[in-house]
Amino acid sequence: MADRHAWTEEGAHPVAPGVHRIPLPLPSDALRAVNVYAIEAGSGLVLIDSGWALANALEQLQRSLAAIGAGLRDVRQFLVTHMHRDHYTQAVEVRRLFGTPIALGEGEKPSIDGLLSGDFRPLRAQLAVLRVAGAADVADRLAEVTSGSLAGRPQPGATPGPPAALRQAAAASFDALSPGHPALRPGTTVGAALGYEAPDEWISGQQIFEVGSRTLTAVETPGHTRGHVVFADTQARLLFAGDHVLPHITPSIGFQEAPSAEPLRDYLQSLSVVRRMPDMRLLPAHGPVSDSAHARIDELTHHHAERLQIMADVLAGGERTGYDVARSIAWTSRQRKLGDLDLMNQMLAVCETVYHLDLLTAQGVAVSQADENGVRYYRLAAPREPSHRLR
Ligand SMILES: [Zn+2]
């Protein structure tokens, strides 16, 4: 296992001439670390992704840049693959110090706007999906954990807060806000307190970035998030893949404030977009560099085809809710039951099940109908009538 985590070792690791992989720490160790890629651009650097705004991550970034004779001041621009905190928020912090401009995919705008709006509620979109999936108990428990952490003030005589494991899982995505946290002061949004501000530039279409002698093409790859982009240097065969293609794990789908309607359909389309490009080395945000993005894309595509088939098989037994289906299939490489996952992962699993069932529905394999409470039931589409017409 030590080898599997070797990629997290501190430093500026060369991956190509003038390109350095810089792993930075995260607050929880589920993902171990996040890779920032520093690309030499004439007298300065362009950074792909930035890390999570944490004091120890900023210090480690400074030490790693110093190892290649540079400092934070030398960063000319951040190109950020998506709006998740571990990719985006440290860029905002560095911009406060040095004015460094940040570019982010324009599909992230609804989520960034949502985070910065006054009526932000953590996991609003996910809680809605859970209720439609018939997982009201999961939604209720999550709502309790999240509102508890946001309110930050235990009620007198109330039962003790949620178990530490739940709090930690919850904190991984939206943080626990203690009393006196800036977010609780009037006029400060939760998004700002979590380290969010709008970028300087919204990346749209196949935008080109000249970075020193390299030409990077931003390719829109919605799915993991709605505005996810990868940056491709096709000439040097380098794919800065963010969380679109990860070597060790299957990226989560649609986990953000304002997900698209069909994140899995988006994601599979985005995989095929990159699969149609020339094969490149895979430079992921979590995990080591490997030689073929295509090889990993094929595995991820196969994984989702398999999951779709498994869920269709469950529907063959009759009408089911998303929650029913999530409870009847195995999760993670250890084949765990839904109820054995922590609350955050139960939420992600049920949402992912719903996105698969919705894709089966869009493909005509399944049909669905909501009951009077808005809970959606899926069943296999009626088998097609055999054709009696003779030739
Ligand atoms: Zn992410």
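Q: What is the strand order in the open sheet of three strands?
A: The order is 13-15-14, with antiparallel pairing. Strands here are DSSP E runs of at least two residues, helices are H or I runs of at least four, and both are numbered from the N terminus. Two strands pair if DSSP finds at least two bridges between them. This is a predicted model: local features need pLDDT of at least 70, side-chain atom pairs count only at pLDDT 80 or more, and totals for chains, interfaces and linings use all residues. Residues are numbered from 1 along each chain as its sequence is written.

Q: Which strands stand at the edges?
A: Strand 13 (320-321) and strand 14 (366-370). Each has a single partner strand, so one side of each is left without a neighbour in the sheet.

Q: How many bridges join strand 13 and strand 15?
A: Two, in the antiparallel sense. Strand 15 covers residues 376-380. Y378 in strand 15 is the bridge partner of R320.

Q: Which helix lies across strand 14 and strand 15?
A: Helix 11, residues 343-362. It runs at about 115° to strand 14. Axes are lines fitted to C-alpha atoms, for helices over the stretch in contact, and angles run from 0 to 180 degrees between N-to-C directions.

Q: And at what angle do helix 8 and helix 11 cross?
A: At roughly 80°, with axes that come within 8 Å. Helix 8 is residues 263-276. The two helices are therefore roughly perpendicular to each other (65 to 115 degrees counts as that).

Q: Which residues meet there?
A: P263, L264 and R265 in helix 8 meet Y355, H356, L359 and A362 in helix 11. Contact means C-beta atoms, placed from the backbone, within 7 Å.

Q: New topic. How many residues has the largest nonpolar core?
A: It has 98. Such a core is a set of buried Ala, Val, Leu, Ile, Met, Phe, Trp, Tyr and Cys residues joined through C-beta atoms within 7 Å. L239 and V350 have the most contacts inside it.

Q: What is V350 in contact with?
A: Leaving aside neighbours within four places in sequence, V350 contacts L130, A133, A135, V138, G322, Y323 and A326.

Q: Last one: is L123 buried or exposed?
A: Buried, because L123 has 22 C-beta neighbours inside 10 Å. The cut-offs are 20 or more other C-beta atoms within 10 Å for buried, 12 or fewer for exposed, and partly exposed in between, with C-beta atoms placed from the backbone. Phi of L123 is near 60°, a positive value in a residue other than glycine.

Methods
Two residues are in contact if their C-beta atoms, placed from the backbone, lie within 7 Å. Angles under 35 degrees count as roughly parallel, over 145 as roughly antiparallel, 65 to 115 as roughly perpendicular and the rest as oblique.
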